[in-house]
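Hello,

Here is the structure I promised to pass on to you. Please open it next to this email and look for each part as you read.

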Amino acid sequence: MRLFSPVVLQPPPPPASAFRFSSCLCVATLSHCHLSDDVAQALQFPKLKKLALQCVSISEDSLHSIIAASPVLECFLLRRSFGFRCVRINSASITSIGVDANDVHKRTVTCLEEFIVEDAPCLKRILYLQSSRRHTQLQISVISAPSLETLGRLSCPDYCKLALGSMIIEPCHIKGFRITNLTSPAYTVKILAVCNFNLSLDVVIDLMRCFPCLEKLYIESYMGRDKNLWRRKHHNLIKCLDIRLKTVVLTNYREQQRLLQLEKKASRCARFYFTTKICEHNFMHINHAHDLSKTDPFECEETKVGVCASFE
């Protein structure tokens with residue numbers, strides 16, 4: 001029996017009339033098409049604020065040319081596109097980014113491996129919209145984004161490595177996440193979403209140290225550990241951390257409510273909400289470029305998911 005690697009057919013080019021009004025466009029979605037260098041590098045989008053590229057074949061130079069030709073771009077969605085290995089963002093206007101990588105095998109096409117935010121003074125949200133399967137690790141590096149407030153979904157066991165300045169967060173099958181250079185935390189981040197196959201208190205505490213000004217934390221997990229307890233080493237945590245966390249949202253929470261010992265809670269104003277309804281989108285409600293402008297893109301509009309603890 002002979003096995004063949006899957007062949008990715010190049011999608012067709014967009015019709016010639018597609019960019020007739022490019023100088024007037026404010027919102028654009030390009031999907032399932034091939035943008036040749038001569039077409040892409042001739043484009044100008046002086047009024048474009050929201051751009052989505054979904055299942056688009058485009059070279060690295062042409063992709064950077066389109067971004068540079070959009071001087072007022074605010075929301076940029078890049079999903080399942082290919083033909084480039086690295087994306088660099090230098091934009092004075094961009095506020096929200098949603099990115100994933102094509103899940104086809106890297107031997108057939110060039111796929112995204114590195115996404116670098118070099119200089120984005122207005123950037124508030126970075127959303128990693130992971131694919132169902134990955135063959136290579138994606139690294140997201142943030143060099144300068146002083147307004148960054150929302151981040152996620154960090155996932156383990158996924159293949160996304162995050163570098164915020166000198167701090168690095170990468171998946172680790174044993175612990176969940178491996179964090180290095182914790183001496184340079186990200187003070188601006190207020191909303192964070194993570195997926196950890198094994199819910200670990202140690203990982204949550206490490207993440208709180210990474211993001212000391214965190215106000216809302218979303219956690220998706222599939223099982224808890226038997227020793228996932230508040231241990232002696234955590235006793236002085238509240239004293240040494242300036243905890244600003246107000247809301248924690250958990251999915252797949254299976255503990256019995258009586259084990260919470262609510263009558264003995266240290267935070268007298270803490271409130272707990274339980275529901276059996278589950279969010280179908282794994283905290284990610286991003287379908288179009290305009291979805292990126294949501295203040296909290298992880299919040300489910302239809303239901304409160306899992307168990308929510310609110311602290312006042």
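Below is what was found in it, part by part.

A word on the source: this is a predicted model, in which local features need pLDDT of at least 70 and side-chain atom pairs count only at pLDDT 80 or more, while totals for chains, interfaces and linings use all residues. Residues are numbered from 1 along each chain as its sequence is written, and side-chain values use heavy atoms, with hydrogens and water left out.

Let's start with the inside. A nonpolar core here is a set of buried Ala, Val, Leu, Ile, Met, Phe, Trp, Tyr and Cys residues joined through side-chain atoms within 4.5 Å. Buried means under 20% relative accessible area, exposed means over 50%, and partly exposed is in between (1.4 Å probe, protein chains only). The largest nonpolar core has 63 residues, and Phe76, Leu78, Phe115 and Phe211 have the most contacts inside it. Helix H3 gives this core its largest share, five residues. Apart from it lies another core, of 15 residues, with Leu77 and Ile191 among them. In general, nonpolar side chains tend to be buried together in soluble globular proteins.

H3 spans residues 201–210, and seven of its ten residues are buried; among them are Val203, Ile205 and Asp206. Helices (H or I, at least four residues) and strands (E, at least two) are DSSP runs, numbered from the N terminus.

Next, find strand S11 (residues 167–172), where five of the six residues are buried. Two strands pair if DSSP finds at least two bridges between them. S11 pairs in the antiparallel sense with strand S10 (residues 160–164) over three bridges, and Leu164 stands opposite Met167. These two strands form a hairpin with two residues between them, and Gly165 in the turn has a positive phi of about 65°. S11 also pairs with strand S12 (residues 176–180), in the antiparallel sense over five bridges; here Pro171 stands opposite Phe177.

Finally, some backbone details. Most residues other than glycine have a negative phi, and most peptide bonds are trans. Arg80 has a positive phi, near 50°, and lies in the loop between strands S3 and S4. Asn181 has a positive phi too, near 55°, and its place is in the loop between S12 and strand S13. Arg80 is partly exposed, at 34% relative accessible area, and so is Asn181, at 42%. A cis peptide bond joins Gly152 and Arg153, with omega about 0°; Arg153 lies in strand S9.

Enjoy exploring!
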